[in-house]
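Have a look at the structure first, then read on.

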Amino acid sequence: LRGTVEEVVPNERIVHVEVFDDDWTGGPVRVTTTFHDDPMGSRIELVLTYSSAAGREMALRTGMLDGMS
């Protein structure tokens, strides 16, 4: 796995692009991590934007969503 950090906004957002060594997703994936205040502490939101619909479907088939909400 390798990547590049594109943006850091302290206490708010980190944006980076990652590519798996074997590139099984078919191109780079842009990951936006956003931090939100929450009555229980903090909430972290991750948005992954795949290079293609096929890459997204491959990622969904891995089961990565199990245990996350």
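Glu-7, Glu-12 and Arg-13 are joined in a network of salt bridges (a salt bridge is a side-chain nitrogen of Lys or Arg within 4 Å of a carboxyl oxygen of Asp or Glu). This is a predicted model: local features need pLDDT of at least 70, side-chain atom pairs count only at pLDDT 80 or more, and totals for chains, interfaces and linings use all residues. Residues are numbered from 1 along each chain as its sequence is written, and side-chain values use heavy atoms, with hydrogens and water left out.

**Salt bridges**

- There are 5 salt bridges in the structure.
- Arg-13 pairs up with Glu-7 at 2.9 Å, N to O.
- Arg-30 bonds with Glu-6 in a salt bridge, with the closest N and O atoms 2.5 Å apart.
- Arg-30 sits in strand 3 and Glu-6 in strand 1, so this pair ties together parts 24 residues apart in sequence (strands are DSSP runs of E, at least two residues, numbered from the N terminus).

- Arg-13 has 23% relative accessibility, so it counts as partly exposed (buried means under 20% relative accessible area, exposed over 50%, partly exposed in between, with a 1.4 Å probe and protein chains only).
- Glu-7, at 30%, counts as partly exposed.
- Thr-33 counts as buried, at 11%.

**Around Thr-33**

- Thr-33 belongs to strand 3, residues 29-38.
- Leaving aside neighbours within four places in sequence, Thr-33 is in contact (heavy atoms within 4.5 Å) with residues including Glu-12, Arg-13 and Ile-44.

Terms used
Helices (H or I, at least four residues) and strands (E, at least two) are DSSP runs, numbered from the N terminus.
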